[in-house]
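This briefing covers model confidence, the interface between the chains, charged pairs and selected local features. Please read it alongside the sequence and coordinates shown below.

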Amino acid sequence: MTPASDAVLRVEHLTMRFGGLIAVRDLSFTAGRSEITALIGPNGAGKTTVFNCITGFYQPTEGRLALHHGDRAVWEEIEALTDRGDRSVRRPDGALFLLERLPDYLITRQAKVARTFQNIRLFPGMSVFENLLVAQHNPLMVASGFTFLGVFWPSAYGRAEKAAVEKARMWLDKIGLTPRADDPAGELPYGDQRRLEIVRAMCTDPVLLCLDEPAAGLNPRESTELNQLLLSIRDEHATSILLIEHDMTVVMEISDHVIVLDYGTKISDGTPDHVRNDASVIAAYLGVEDEEVAQAEAEVGLSP
Amino acid sequence: MVAEPPASKPHVDVVRAIKDAALAGLLAVGLFLPLIGFQTVTNIRNELELDTRWPLLAWFVAIVAGGRLLYSLALAPWLARRAGKAPSPRVAAFAASFSRRFTPFALAFVVLYPILVILFVGLGGAVKWIDNFGIQILIYVMLGWGLNIVVGLAGLLDLGYVAFYAVGAYSYALLAKTFGFSFWLLLPLAGTLAAFWGILLGFPVLRLRGDYLAIVTLAFGEIVRLILINWVPVTNGYAGISGIPRPTFLGIPFNASDEGFAATFGLEFTPVHRTIFLYYVIVGLALLTAYVTVRLRRLPVGRAWEALREDEIACRALGINTTNVKLTAFAMGGMFAGFAGSFFAARQGFISPESFTFLESATILSIVVLGGMGSQIGVAIAAIAMIGGTEILRELDFLKEVFGSDFDPTQYRMLLFGLAMVLIMIWKPRGLIATREPSAVFERRRTISVDLVKEGRG
């Protein structure tokens, strides 16, 4: 378990209700700084709903989602911030954001949480390079003097754009897509599209990167490449990763911390080894032994 | 030894071709009988009488059947032969060099057009050619480029674009008549007002997408037109506003007085001077629109428009405020329509709500769709074809010799419009220019096929 002060994200008592359906019930967990945290669970367990709450696509029914940058001392202000009704504390040495109070685009722009999607959402008709430039929209917008400077003084903007081009080049080199930079993103093979979506999210300079099933549909070789990419993101870029994954080899190999959901509640939380041997996890995935069923039925008076 | 017939030569079945042609002719009879065969005429006692036009109907049916026969006997085999062959390298090289040099050539032609017209038809007929063809087409090119920002780049289907054109026109007309401000002061002001109305429209429609957005923008266009009709104290209703001040050349008016343009420069007075001046003003405005659009596409805001068209949810996940992106698209599109509107009012000297009907919106939208959404050159070509085409119908007097003296080619405008649309749907479903130029190049320039590009869901 991560000590609370070393967390980058703290989810407390998160509940998400859609009409009568409770997709997530009173969920609390933390994602550690510079760690890979995996969120696993059977289909329909509420994993993507948790993601949508964190990234602002859903407004949680109840609960607090706190994200933290920089100096750990900022964590101490969380209660004061909650009571004040504000959205964030921002100091030169660190910041604290209450994600449930921010609109989705500010969660990426200010709180620096980036995400990918279960079914890839690239801009298929734009080139690979353009995809990475769109991700740097906010710094480029400032560099273009909110468009006015860019229209009337193209050369100044051209210089400002260089940094963005270099960042795009760095990420393209990392995933080996530099030769295809000018090709439309929709023409790339599936595995490349997955990795492009991840580096596009990284171009927003996130503190927390949320990946929704990054290994879905990848072959074993692509899966290994993905693991290396994620480990290098964690180690070289000071970005913490929260991922949803069904592929247990990926989860067990790279995760530092695993959280298991079932029917919207947390059933296990710990290191990969701890989770692997947890009886409730095994029960959720594989079902329980026959004797246990008989015993339970006897308890409620169902047995013959 | 019997020589094998060359495999590439397709078989031409004459009997089938004639059957096809007969069927097409029959269809044409059914279709044109009510449209062309019958005509109602008012006789001398003011009664409606049914008149028939059998010869004209026969002409139309013959054209359709003959065209179909020609297609199956000659055109279809020729197309089939061509499809088998790769284009020769010389043709490909010519096409490449043509597309590379097209823009400078087109620009030079646009700048020299009035001179060419005067050289060919003389000063007397020049006004018609410069005004009806040059200025009229360029207004629509500019409107097409403006709407292209909203529909082509940002993917927001706007069926009420003419509202901003009307805002620009009435802003100029009312402010110039009431306060006597000059054209050059009111031009940016009219653009700003139209952009403001663009934002005003943008707010309520932010949450709407696709068809729903189209319906609301359509209603917006109608609301503006109805206000212009009913707010009689200000807009003078159906009667419109006349006597709108005309633009001057650095304060020198274009008239026959001693202070007029002709007298000042020691020329003989002719109305062509004003027409040529207006022509260059609209050339300048259209080029400004093109330049700003090209610049904006390469700036983050333009790239965000295109990203919005491709995938709005992904935009939000990348920290882009899609509200601002939509509003800037509506504002920029509205601004250029406002410029065009104030120019229109200054050129006509008279405006009324008649000029701002839904049909205008539909014409501008079809220019954008025909040209290929997002393509500037495509939009310009489509505007020339559509507006130039309808103007040229007025010039086709020789058709009267063929079809009889009461044949009026301009009445077939909508028919030709529809025909052009059907042809484009068949051959170029995504518009004349079906490629997208990336807004930024990493190492080598490469166009993107429109098949990959999303049309936008609003």
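How many salt bridges does the rule count over all chains? The count comes to 37 salt bridges over all chains of this predicted model. The model scores ipTM 0.87 and pTM 0.84. Between them, chain B and chain A bury about 3600 Å², and seven salt bridges are found across their interface.

**Confidence**

- Chain B has a mean pLDDT of 85, with 96% of its residues at 70 or more.
- Within chain B, helix α12 (residues 322–348) has the highest confidence, at 93, whereas helix α15 (residues 398–403) has the lowest, at a mean of 71.
- Over residues 1–8 of chain B, pLDDT stays under 50, and the model has one contact beyond four places in sequence for this stretch.
- Where pLDDT is low, the predicted coordinates should not be read in detail.

**Interface of chain B and chain A**

- Chain A contributes 44 residues to the contact and chain B contributes 35 residues.
- Of the area buried between the two chains, about 3600 Å², 63% is on carbon and sulfur atoms.
- On the side of chain B, the residues that lose the most area to chain A are B:Arg303, B:Leu318 and B:Phe442, which together account for 22% of what that side buries.
- B:Arg303 also forms a salt bridge with A:Glu161, in which the closest N and O atoms are 3.3 Å apart.
- The elements giving two or more residues to the side of chain B that touches chain A are α9 (272–298), α10 (300–310) and α11 (312–317) of chain B.
- The largest share of that side, seven residues, comes from α10(B).
- By residue class, the side of chain B that touches chain A divides into 20 nonpolar, 12 charged and three polar residues.

**Salt bridges**

- Side chains of opposite charge can pair when their charged atoms come close.
- B:Arg316 and A:Asp104 form a salt bridge, with the closest N and O atoms 2.6 Å apart.
- This pair joins two chains, because B:Arg316 lies in helix α11 of chain B and A:Asp104 in helix α3 (residues 104–109) of chain A.
- B:Arg316 is partly exposed at a relative accessible area of 21%, whereas A:Asp104 is buried at 11%.
- Within chain A, A:Glu12 forms a salt bridge with A:Arg64, and the closest N and O atoms are 2.8 Å apart.
- That pair links distant parts of the chain, 52 residues apart: A:Glu12 is in strand β1 (residues 7–18) of chain A and A:Arg64 in strand β4 (residues 62–70) of chain A.
- Both A:Glu12 and A:Arg64 are buried.
- A:Arg180 and A:Asp183 form a salt bridge with the closest N and O atoms 2.9 Å apart; A:Arg180 is partly exposed at 26% relative accessibility, and A:Asp183 is buried at 7%.
- A network of salt bridges links A:Glu130, B:Arg297, B:Glu306, B:Arg309, B:Glu310 and B:Arg436.

**Helix α4 of chain A**

- Helix α4 (residues 128–135) of chain A is largely enclosed by the rest of the structure, because eight of its eight residues are buried.
- Among these buried residues are A:Glu130, A:Phe129 and A:Leu132.

**Local backbone and side-chain features**

- A:Asp26, although not a glycine, has a positive phi of about 45°; A:Asp26 is found in strand β2 (residues 21–32) of chain A and is partly exposed, with a relative accessible area of 45%.
- A:Asp205 is likewise not a glycine and has a positive phi of about 55°; A:Asp205 is found in the loop between α8 (190–202) and β8 (208–212) of chain A and is partly exposed at 43%.
- B:Asn43 is in the loop between β1 (38–42) and β2 (48–52) of chain B and is buried at 17% relative accessibility.
- A polar atom of the side chain of B:Asn43 lies 3.1 Å from the backbone nitrogen of B:Arg45.

**Sequence separation and spatial distance**

- B:Val294, in helix α9 of chain B, is partly exposed at 33% relative accessibility.
- B:Val294 and B:Gln376 are 82 residues apart in sequence, with a C-alpha to C-alpha distance of 8.7 Å.
- A:Gly217 is in the loop between β8 and α9 (220–236) of chain A and is exposed at 65% relative accessibility.
- The C-alpha atoms of A:Gly217 and A:Asp247 are separated by 9.8 Å, and the two residues are 30 residues apart along the chain.

Notes: Residues numbered from 1 in each chain as written. Chains lettered and ligands numbered in written order. Predicted model: local features only at pLDDT ≥ 70, side-chain atom pairs only at ≥ 80, totals over all residues. Heavy atoms only, no water. Contact = heavy atoms within 4.5 Å. Buried area = accessible area lost by both parts, 1.4 Å probe. Salt bridge = Lys/Arg side-chain N within 4 Å of Asp/Glu carboxyl O. Helix = DSSP H or I, 4+ residues; strand = E, 2+ residues; numbered from the N terminus. Nonpolar A, V, L, I, M, F, W, Y, C, P; charged D, E, K, R; others polar. Buried < 20%, exposed > 50% of the residue type's maximum accessible area, 1.4 Å probe, protein only. pLDDT = per-residue confidence, 0-100. Polar contact = N/O pair within 3.5 Å; in protein donor to acceptor, adjacent residues only side chain to side chain.
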